[in-house]
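Subject: Structure for you to look at

Hello,

Here is the structure I said I would pass on.

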Amino acid sequence: MVLFRGDVKCKSLQRRTSISVILPSDNIHFLQDTEEIVPQPYRTLYLLHGLYGSDDIFLANTSIQKFAEDNGIAIVIPCGENSFYIDNEKAHAYYGEYVGQELLDITRNIFPLSDKREDTFIAGFSMGGYGAIRNGLKYSQNFSKIGMISAALITDDIADYASDANVLRSRDFYESIFGDLESVKDSDKNPKYLIDRCDDIPDIYMACGVNDFLYDKNVDFYEFLKSKNIDAEFVEAPGEHTWEFCDKHIKEFIKTL
C-alpha cells in the first residue's frame, strides 16, 4: 500500500486544496517473502468525510488503508471543508463540480486510476454520505456505485431549522451553504429531486445504525427509493453515529465493489 498526501490546484474552488490517496501497489510482505501485484489502472473509490473533517480523518479513525490494500482498490479522499459537497456560487466554491468531475480528472492525470465508470465509485460518511448521493446522482455518468454511511439526508426538513449556536442545528449555517432553504427541495441539492431526473442511477448502498440520530431520515430515503422501484441495499444494524460504525460499514461497502 502506498499513501500520498498533498495539495492540488483546482479551478472549481479557485485555490489549492489537500487530498489523500491510497494506492494498492507495493504490496510486499517481507515476513512471508511474497508480493501481490494489483493490475493497473486501479479501480477507485472517492471517499467523502463528514462535517468538521478533512482528507486525513479516515486515515486517523478507520483501518481503511489496510482494507484498500487487501481489496486491491485505490481510494481518493478530498478535503471538503464543511461544504456538504455542493456548489456555493457566491463563494465560488463549487465543491459538487470538484468531487463530481474535476477531482477525477486531476487524480487520473497523476495516478494510474481507471477512467471507466464501472471501476469508479463514490461514498461518504455523514455529511459525506449526503455528498456521495448528491454528486453520485448529479454526475451519474462518472460513478457506477454510491455508498452512504450514516448519511446526513437533511434536505426534506432543512427549511424548518431555526437559529441555534450549534452548527448542526443552525439555520444561518445551512443558509450559508445551501442558499435559500425554501428552494432546496426543488433543486439539484435534493437527492430525491435528482432521483427523478437521473437516467442511469448508480447502484446504491446504504447503512445506518438504528440508534443514529439520522436513522429516521435514512429509512425515509430508502422507502422513497423503494416507491420509485429503485433497487437499493439498506443495512440496518446496531450502532450510533460513530467512527466504529463507519469503519465497519465502509468496509462492507468496499466488499460489494
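In which loop does Asn229 lie? Asn229 sits in the loop between helix 7 (215–227) and strand 12 (232–237). Helices (H or I, at least four residues) and strands (E, at least two) are DSSP runs, numbered from the N terminus.

Before the rest, some notes on the source. This is a predicted model, in which local features need pLDDT of at least 70 and side-chain atom pairs count only at pLDDT 80 or more, while totals for chains, interfaces and linings use all residues. Residues are numbered from 1 along each chain as its sequence is written, and side-chain values use heavy atoms, with hydrogens and water left out.

The whole chain

The protein chain has 8 helices and 12 strands. Its radius of gyration is 18 Å, which agrees with the value near 18 Å that a compact globule of 257 residues would have. That radius is taken over C-alpha atoms, and the globule rule is 2.2 Å times the number of residues to the power 0.38. The C-alpha trace of the protein chain spans about 60 × 40 × 40 Å along its principal axes. Of the 257 residues, 56% are buried. Buried means under 20% relative accessible area, exposed means over 50%, and partly exposed is in between (1.4 Å probe, protein chains only). Among contacts in the protein chain with a separation of 6 or more, 70% are between residues 24 or more positions apart; contact means heavy atoms within 4.5 Å.

Backbone points

Most residues other than glycine have a negative phi, and most peptide bonds are trans. Asn229 has a positive phi of about 60° although it is not a glycine, and Asn229 counts as exposed because its relative accessibility is 75%. Ser150, also not a glycine, has a positive phi of about 50°. Ser150 is in the loop between strand 10 (145–149) and helix 5 (171–178), and with a relative accessible area of 0% it is buried. The peptide bond from Gln40 to Pro41 is cis, with omega near -5°. Pro41 belongs to the loop between strand 4 (34–36) and strand 5 (44–48).

Two residues and their contacts

Thr17 is part of strand 2 (residues 15–23) and is buried, at 3% relative accessibility. Neighbours within four places in sequence aside, Thr17 is in contact with Gly6, Asp7, Val8, Cys10, Cys79 and Tyr98.

Pro238 is in the loop between strand 12 and helix 8 and is exposed, with a relative accessible area of 72%. Its C-alpha atom is 5.3 Å from that of Gly209, 29 residues apart along the chain. Setting aside neighbours within four places in sequence, Pro238 is in contact with Val210 and Phe245.

A pair of helices

How do helix 2 and helix 8 cross? The axes of helix 2 (residues 64–71) and helix 8 (residues 243–255) come within 11 Å and cross at roughly 15°, so helix 2 is roughly parallel to helix 8. Angles under 35 degrees count as roughly parallel. Axes are lines fitted to C-alpha atoms, for helices over the stretch in contact, and angles run from 0 to 180 degrees between N-to-C directions. Ile64, Phe67 and Asn71 of helix 2 make the contact with Ile250, Lys251, Ile254 and Lys255 of helix 8.

Regards

Terms used
Parallel < 35°, antiparallel > 145°, perpendicular 65-115°, else oblique.
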